[in-house]
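Let's walk through this structure together, one piece at a time.

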Amino acid sequence: MAKPRTKLPDKSVVISCAKCKNKLLKYRKGGTGSLVKCFIDRITKDYTEQAGICPQCQTEFARLTMIRGVPALKMIGGKVQVK
């Protein structure tokens, strides 16, 4: 499978916890679809202390995995909001 593009997308989104509304990540998202995965190299600002865990309410919002040979966070449905 092909690796994700090396050029970062122009659109930047803020990902927050759906439960406590705390900011989790600032991410350079490509495309118009829903957020399913976050490639680690596209995260511009990380507000978490532990990958995939909300620092305020300790809810797991993502799992660390490899997608197309690149490390990524696989989002758990309904745990995050994107603005």
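Ser16 is found in strand 1, where strands (E, at least two residues) are DSSP runs numbered from the N terminus. This is a predicted model, so local features need pLDDT of at least 70 and side-chain atom pairs count only at pLDDT 80 or more, while totals for chains, interfaces and linings use all residues. Residues are numbered from 1 along each chain as its sequence is written, and side-chain values use heavy atoms, with hydrogens and water left out.

Is Ser16 buried or exposed? Ser16 has a relative accessible area of 7% and is buried (buried means under 20% relative accessible area, exposed over 50%, partly exposed in between, with a 1.4 Å probe and protein chains only). Leaving aside neighbours within four places in sequence, Ser16 is in contact with Lys21, Asn22, Lys23, Leu24, Lys79, Val80 and Gln81; contact means heavy atoms within 4.5 Å.

Now follow strand 1 to its partner. Strand 1 (residues 12–17) pairs with strand 2 (residues 23–28) in the antiparallel sense over 5 bridges, and two strands count as paired if DSSP finds at least two bridges between them. Ser12 has Arg28 in strand 2 as its bridge partner. The hairpin of these two strands has 5 residues between them, and there Lys21 takes a positive phi near 65°. Strand 2 also pairs with strand 4 (residues 43–46), again antiparallel, over 3 bridges; here Lys26 has Lys45 as its bridge partner.

Next comes an open sheet, in which 3 strands lie in the order 3-6-5 with antiparallel pairing. Strand 3 (37–39) and strand 5 (62–67) stand at the edges with a single partner strand each, so one side of each is left without a neighbour in the sheet. Neighbouring strands of this sheet are turned by 35° against each other on average, direction ignored (axes are lines fitted to C-alpha atoms, and angles run from 0 to 180 degrees between N-to-C directions). Strand 5 is joined to strand 6 (residues 70–75) by 6 bridges, and Ala62 stands opposite Met75 in strand 6.

The largest pocket holds about 390 Å³. Of the 16 residues that line this pocket, Pro9, Lys29, Gly30, Gly31 and Arg42 are the closest to its centre. A pocket here is an open set of points on a 1 Å grid over the protein atoms alone, where a 1.4 Å probe fits, with protein on both sides within 12 Å along at least five of seven lines; lining residues have an atom within 4 Å of a point.

How values were computed: Points joined across faces, edges and corners; volume = space filled by probe spheres on them. Helix = DSSP H or I, 4+ residues; strand = E, 2+ residues; numbered from the N terminus.
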